[in-house]
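Okay, thanks for coming, everyone. Let me put the thing up on the screen and then walk you through how its chains meet.

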Amino acid sequence: MSEEVKKKMIDANELRDKYLREGMLPTIFCNGCGHGNAIDYTFWAIEELGLDMDKVALASGIGCSSRIPGYINADGLHTTHGRALAFATGIKAANPDLHVIVFTGDGDCTGIGGNHFIHAARRNIDMTVILLNNFIYGMTGGQLAPTAPIGSIATTAPYGNIEQAFNISELAKALGANYVARWPISYPYQPIKSIKDGIAKKGFSLIELMSPCPTAYGRRNRLGNIEALWNWYEENTILIEDYEKIINYGTEEEKNSIKEKFKIGVFQDVDKPGFFGEYEKLVNMLIEKDDAKLKGGSQ
Amino acid sequence: MKYERDPERIRRVLGDKVQFIQGDMAVTYGAVLAGCSFFGGYPITPASEVAEGAARLFPRVKATFIQMEDEIGSIGAVIGAAWSGAKAMTATSGPGFSLMMENYGYAIMTETPCVIANVQRTGPSTGQPTLGAQGDMMQARWGSHGDMEAIALAPSTVQESMDMTIESFNLSEKYRHPVCLMTDGEVGHLREKIVIPDEDEMELVERVPATIDKEQFIPFTDSQTQEGSKVPDFPTFGTGYRTYVTGLTHNEKGFPATDKPPDHQRLIKRIVSKITDDREALTNVEKIELDDAEIAFVTFGASARPAESAVRMARKKGMKVGMLRMKLVWPFPRKVVHDLSKKVNTIIVPEMNLGQMVHPITEYAAKDCEIISAPKVGGEMHLPDELFEILEGV
Amino acid sequence: MKKEIRICGFGGQGVILAGFIIGKAACVFSDFNAVQSQSYGPEARGGAARSEVIISDEKIGYPRPTGVDLYVAMAQEAFDTYRSDVRDDTVIIIDPDLVPKHDIGRPLYKVQVQKIAEELGNKIVTNIAMVGAMTGIYDLLDKEAVKKAVIDSVPKRFTDLNINAFEKGYEAGKNARPE
């Protein structure tokens with residue numbers, strides 16, 4: 001173990017002491033679950049950005065990943081299933097000084113909450129959505145999620161999933177979200193950078209983290225032990241840049257080999273105006289007009 | 001954009017003190033006057049004018065209006081804004097009110113102050129979008145799953161639509177509870193005179209913020225600063241209290257206590273009794289010609305208007321008829337209804353539904369008082385003549 | 001005293017605004033109570049539309065009209081549709097150009113309000129000319145109160161046009177006799 005890594009490990013413990021909420025531990029997460037890493041990555045990003053935790057507001061819906069705000073020592077609104085982004089929109093509206101971070105899962109966000117996601121992204125509301133995609137409804141025991149690849153076994157798809165999977169990052173990109181990235185949670189650094197960039201970005205950010213669920217997904221889909229499941233992401237993902245290269249210049253064989261893989265990386269990084277910024281401009285324009293009228297009238 | 005209530009600007013934006021406006025618009029006026037700084041809504045007949053009014057007026061008082069993607073999102077955003085410190089509201093009608101029920105329960109469970117105006121139309125389902133009704137009275141009372149208490153007001157006039165919106169905010173702030181303003185398509189679309197109160201003619205209640213030391217603060221328990229109050233002090237997001245708010249059964253610290261019966265009992269009993277303890281103080285009724293009455297209408301909202309006309313007709317003919325109008329329908333004014341039932345021989349309950357408020361009235365009336373349900377459905381109010389006929393039949 | 005007024009026409013003619021102005025004149029610029037209601041729905045997109053105003057010196061309970069004391073029609077279809085409860089003593093005012101088939105076997109007031117508006121250069125103020133005619137014919141509201149309500153209810157840049165329409169309509173109303 002290098003000195004640098006050792007240093008980082010010590011720092012990681014300090015970080016946990018600094019940001020974890022006392023009294024809520026242990027977490028509900030199973031052995032081999034990826035969600036704990038998301039908490040760590042978020043701590044690193046917050047630490048590097050130097051955010052004041054009194055000005056961080058978290059929101060979440062229902063599901064394993066939606067329990068995360070409980071473990072972070074900040075204001076947190078653990079809302080109803082699928083609705084976190086609507087609540088978060090209100091949180092941000094009434095106090096724009098707050099850094100609003102939403103933790104959600106694939107069922108919560110792409111299933112029951114799909115419509116709120118679409119519109120929060122379309123309005124480019126200034127918030128950071130950390131979506132933990134584990135292909136399954138984990139908390140309730142392994143029902144089929146909209147993100148599950150075709151053929152996935154779930155308690156409500158006992159003969160294998162026959163539905164097309166939801167590609168939420170591509171959707172967010174199409175909706176014009178300012179920042180969109182997808183990483184396997186097994187990647188140690190890229191998620192931190194993306195969370196950091198997402199929080200720093202004005203506008204809507206989606207960071208989709210592919211998180212293994214050994215209990216409800218891996219086991220049922222015979223993806224092997226925890227280690228094998230974590231390695232699954234290595235073999236089934238491809239960097240966007242590599243993907244484009246192969247599509248443009250690769251052989252047929254190479255093209256076929258990547259067809260089923262998940263693209264990972266930064267899907268979008270732009271700076272379009274968002275709802276609240278534009279609304280404030282509108283307000284200022286109207287106030288100015290009203291005040292001018294008042295002055296004109298009193299002369 | 002941070003909101004600060006600016007009374008002068010508000011009065012300037014609202015315009016003349018005396019106006020002739022629709023009931024829906026009066027709800028918007030009430031919200032603006034109360035210092036509501038966030039409106040999240042979705043268009044629905046006959047409530048759209050409330051949102052349209054907010055879209056027009058809110059930006060001019062530095063408040064936020066957003067048309068959300070649906071009614072679930074609307075109330076979600078309203079609750080979120082409330083946690084950031086805003087007085088927040090939404091307005092809807094039957095189908096939208098149904099969609100809001102889950103988060104209505106969330107607001108109750110998390111003790112979030114907010115206002116939901118329901119401009120009632122007939123139902124179930126899409127019903128008669130343009131016509132008024134009072135068929136959601138029980139939905140306001142019982143709409144969420146689980147155990148709950150409700151606070152709901154029912155305006156009969158355009159003036160009351162404005163005044164009771166302010167009152168709805170006051171009650172929601174005082175009790176940290178979502179308050180339903182149960183107006184209807186008749187009053188909502190009616191134009192009448194309103195007199196806009198001046199600043200010194202209005203009483204505004206503000207929520208009690210958490211002020212005590214952060215280490216000592218307990219977010220979901222009796223107030224730590226208001227002696228005798230079961231309403232916890234409010235730890236506005238962003239003020240450093242770092243509160244965890246969940247719709248799960250939670251202990252006094254706000255942490256999930258899903259497998260602990262005593263925590264659930266303590267929580268639910270407190271969030272219900274914080275309201276029912278004040279039942280008598282909250283009771284708000286209008287009494288018309290009741291002193292010597294032998295027959296009384298007991299009614300609310302739009303239905304009180306033809307009932308009052310019927311009372312006048314009856315009095316002209318020397319009949320001893322009066323009316324008790326419930327301005328606040330939930331929590332149910334048990335005592336005043338019971339006392340009335342001991343004085344009069346007959347209570348008639350006109351309402352624009354198949355008979356809803358007649359149930360609590362029957363439950364709390366003296367057993368020897370005759371209760372006559374006078375329901376009317378179809379989207380029309382009772383005619384005064386129809387009610388007079390019922391009086392003649394008694 | 002309680003008077004029930006029905007103003008009808010086709011969607012887009014401004015019958016709602018006409019009712020609104022009468023109601024406002026009664027309760028904001030005079031000491032009466034007033035309520036105004038309207039048919040709501042497809043009418044806003046064309047077809048027959050109506051606006052109803054109740055004016056009273058007592059508190060108005062039931063807010064919908066139970067009869068009609070003054071019936072004003074600005075379109076044939078509306079005149080035919082909403083006339084069923086007109087009584088013998090109901091005052092009827094129509095624009096004969098807009099309601100050509102108005103021979104119902106009883107006298108009524110005929111005022112060419114659309115012509116007045118056209119002579120002022122804009123058909124859009126037909127409704128305001130009718131408000132003027134109503135005020136001149138039906139002895140209920142003070143002319144100045146209605147005029148104030150007109151000024152208060154129309155866009156500022158069209159104040160003069162509307163006041164002219166109101167005055168001309170009022171004059172025509174004053175001179176009209178039931179025929």
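So, how many residues of chain B are in contact with chain A? The count is 40 residues of chain B against 42 residues of chain A; by "in contact" I mean that the C-beta atoms of two residues, placed from the backbone, lie within 7 Å.

Quick housekeeping. This is a predicted model, where local features need pLDDT of at least 70 and side-chain atom pairs count only at pLDDT 80 or more, while totals for chains, interfaces and linings use all residues. Residues are numbered from 1 along each chain as its sequence is written, and chains are lettered from A and ligands numbered from 1 in the order in which they are written.

Back to the chains. There are 2 pairs of chains in contact, and A with B shares the most contacts. Chains A and C do not touch, and their nearest C-alpha atoms are 14 Å apart.

On the chain B side, the elements giving two or more residues are β2 (38-41), β3 (64-67), α4, α5 (94-109) and β9 (244-246). Those labels are DSSP runs numbered from the N terminus: helices are H or I with at least four residues, strands are E with at least two. The largest share, 9 residues, comes from α4(B). By class, that side of chain B has 18 nonpolar, 14 polar and 8 charged residues. For the classes, Ala, Val, Leu, Ile, Met, Phe, Trp, Tyr, Cys and Pro are nonpolar, Asp, Glu, Lys and Arg are charged, and the others, Gly among them, are polar.

The crossing of α4(A) and α4(B) is right-handed, so the near helix is turned clockwise from the far one by less than a right angle. Among the residues making this contact are A:F87, A:G90 and A:I91 from α4(A), with B:G76, B:G80 and B:W83 from α4(B). It has 12 nonpolar, 5 polar and no charged residues.

A and B also join through strands. Strand β2 of chain A, residues 75-78, runs parallel to β9(B), with 3 bridges between them. In that pair, A:G76 stands opposite B:Y244. Strands count as paired if DSSP finds at least two bridges between them.

Now the other pair. Here 17 residues of chain B are in contact with 16 residues of chain C. The elements of chain B giving two or more residues are β1 (18-22), β8 (191-195) and α11 (304-316), and α11(B) gives the most, with 5 residues. This side of chain B divides into 7 nonpolar, 4 polar and 6 charged residues.

Which strand of chain C does β8(B) join? That would be β2(C), residues 33-38, running antiparallel with 2 bridges. B:E192 stands opposite C:V35, and B:R191 has C:Q36 as its bridge partner. Zoom out and you get an open sheet of 8 strands with mixed pairing, in the order β1(B)-β8(B)-β2(C)-β3(C)-β1(C)-β4(C)-β5(C)-β6(C). The edge strands are β1(B) and β6(C), residues 109-110, each pairing on one side only.

Chain B has another sheet to show you. This open one has 5 strands in the order β10-β12-β11-β14-β15, again with mixed pairing. Its edges are β10 (285-288) and β15 (370-375). β10(B) and β12(B), residues 321-326, pair antiparallel over 4 bridges, and B:K287 has B:L324 as its bridge partner.

Last stop: is B:S172 buried or exposed? B:S172 is buried, because 27 other C-beta atoms lie within 10 Å; 20 or more counts as buried, 12 or fewer as exposed, and in between as partly exposed, with C-beta atoms placed from the backbone. B:S172 sits in helix α7 of chain B, residues 158-175, and its contacts include B:C114 and B:H177.

Definitions and conventions: Lists of a residue's contacts leave out its neighbours within four places in sequence.
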